[in-house]
Amino acid sequence: MLKKKFIFLSILCLLSGCGFTPIFNASNMNINIKNVNFNDNKINRNFAKSIKTFSNQKSDIIYNLNINSFTLKNVATKDTKGNPSIYNLKLKVNIILIDNNESKKIEKSFAENINFSNTDDKFKLKITENTLIDQMSQKILQDILKFLADIK
């Protein structure tokens, strides 16, 4: 028993000193996002809020950001009666970075795709769809932040 406690404490001490630093923080971002323009919907508001949070206010490289996102829900397969059995949900986000002098313009698109099964309960189907959109938007947000961190 004493040996197990010693091993646990040893591992805990080793892991606590491993130098963990968060991947996404403002100090890793080398640009300052001054203005964020977007069409007013929930997904765009979440992207704008998150990106503005990670913007480095001390940076000399200043950009304006335009965000446009949309979702597409298509029927992927139908059953023998012609009712949809599997849906395909796609989230696409287009961003445009324009530097402060408007001399440099960078455009990039991000997309996520997922299939999900149909249910008879439409309320449950809508909740599933909203959950999947939230998950896809978090993945795209990570991709956008990685892209913004690499801009020079």
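Which side chains meet in a salt bridge at 3.1 Å, N to O? The views below take that pair and two others in turn. This is a predicted model, where local features need pLDDT of at least 70 and side-chain atom pairs count only at pLDDT 80 or more, while totals for chains, interfaces and linings use all residues. Residues are numbered from 1 along each chain as its sequence is written, and side-chain values use heavy atoms, with hydrogens and water left out.

**View A. K73 meets E129 in a salt bridge.** The N-to-O distance here is 3.1 Å; a salt bridge means a side-chain nitrogen of Lys or Arg within 4 Å of a carboxyl oxygen of Asp or Glu. K73 sits in strand β2 (residues 62-78) and E129 in helix α3 (residues 122-150), so the pair ties together parts that are 56 residues apart in sequence. Helices (H or I, at least four residues) and strands (E, at least two) are DSSP runs, numbered from the N terminus. E129 is buried, at 10% relative accessibility, whereas K73 is partly exposed at 35%. Buried is under 20% relative accessible area, exposed is over 50%, and partly exposed falls in between (1.4 Å probe, protein chains only).

**View B. D40 pairs up with R45.** Their closest N and O atoms are 2.7 Å apart. D40 is exposed, with a relative accessible area of 63%, and R45 is partly exposed at 40%.
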